[in-house]
Amino acid sequence: MKPNSSSQELADFIRHSVVRMTSYGKSSHVGSCLSIADILAVLYGDVLNVDPDRADWVDRDRFILSKGHAGAAVYAALAGRGFFDESQLDDHYINGSRMSGHVSHKGIAGVEVSTGSLGQGLSLGAGMALASKLDDHKRRVFVVMSDGECNEGSVWEAAMFAAHFRLSKLYAVIDYNKLQSIASTEETMALEPFEDKWRAFGWEVRRVDGHDHADLREAMSEPADKDRPVVVICDTVKGKGVSFMENAVLWHYRAPNDEERESALKELSAS
């Protein structure tokens, strides 16, 4: 990608990249990656205070992908922002590669922590946010979560912890695409009334179109109105950008074959 590209260009790059990465590596979760492409593009393009030339810069904002199975999208976002060369994406999910299917921090510039056990990311983020508060530091912590992982009790324990300690620099960003691994979220374990649950746990709630860059930028940039953590509930479409993948639970696990990959890339290029 060109330096200083727009968030929309970064989102396009992420979508094209993850389709190729999941197809060539025969890995899963292309649908989950596509649903957060816009969220990641806005975060890495406009919101996060990070420096690709100093990935370990002490004053950087912290980012955690709690839904670690969408790791290909984070790798693509980092490459698009210049943390490492785009050619390294070709190794994704290849035997021996550092770019595992679930996001890994080992040897990957810009990845804070390895994740994949759903329900753990918010706890990690809350700990980082508490450390920042104790250090009286301005760094923020962003945790991108799946809707399905909100079935986990550990999420709500972390939510209660964050509200109790008034972690106003903590942002939970939920990819609310309403599909889990084998069924809808409502069939699996209903989340609604979702906003009310978070408010009851003491969080400031913002709800946006998870594919509208202006809305995402505002929701993830504005500081908390009060001394409490912020949850941004993003209404998204699983598989967004590829018509035959959209809202289809099949693409939680299936990798695009050669024909499907080329069809998807052609559609993404035309949009």
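How many of the 19 residues of α1 are buried? In this predicted model, the count is 14, and the helix is thus described as mostly covered.

## Overall fold

The protein contains 10 helices and five strands. Its radius of gyration is 17 Å, close to the 18 Å given by the globule rule for 271 residues, so the protein is as compact as a globular protein of that length. The C-alpha trace spans about 50 × 45 × 35 Å along its principal axes.

Of the 271 residues, 54% count as buried. The protein exposes about 11,700 Å², of which carbon and sulfur atoms supply 48%. Among contacts with a separation of 6 or more, 74% are made by residues 24 or more positions apart.

Helix α1 covers residues 7-25. At 1.5 Å a residue its 19 residues should span 27 Å, and the 26 Å between its end C-alpha atoms agrees with this. Lys26 follows α1 and has a positive phi, near 55°.

Helix α3 (residues 37-47) is largely enclosed by the rest of the structure, because nine of its 11 residues are buried. Among them are Asp38, Ile39, Leu43, Tyr44 and Val47.

## Nonpolar cores

The largest nonpolar core has 57 residues, and those with the most contacts inside it are Ile14, Tyr44, Phe63 and Met220. A second, separate core of 28 residues includes Leu122, Val141, Ala159 and Trp198.

Leaving aside neighbours within four places in sequence, Tyr44 is in contact with Leu10, Phe63, Val74, Ala77, Leu78, Arg81, Phe83 and Gly110.

Definitions and conventions. Residues are numbered from 1 along each chain as its sequence is written. This is a predicted model: local features need pLDDT of at least 70, side-chain atom pairs count only at pLDDT 80 or more; totals for chains, interfaces and linings use all residues. Side-chain values use heavy atoms; hydrogens and water are left out. Helices (H or I, at least four residues) and strands (E, at least two) are DSSP runs, numbered from the N terminus. The expected span of a helix is 1.5 Å times one less than its number of residues. Buried means under 20% relative accessible area, exposed over 50%, partly exposed in between (1.4 Å probe, protein chains only). A nonpolar core is a set of buried Ala, Val, Leu, Ile, Met, Phe, Trp, Tyr and Cys residues joined through side-chain atoms within 4.5 Å. Contact means heavy atoms within 4.5 Å. The radius of gyration is taken over C-alpha atoms; the globule rule is 2.2 Å times the number of residues to the power 0.38. Accessible areas come from the Shrake-Rupley method with a 1.4 Å probe; for residues, only the protein chains shown count as cover.
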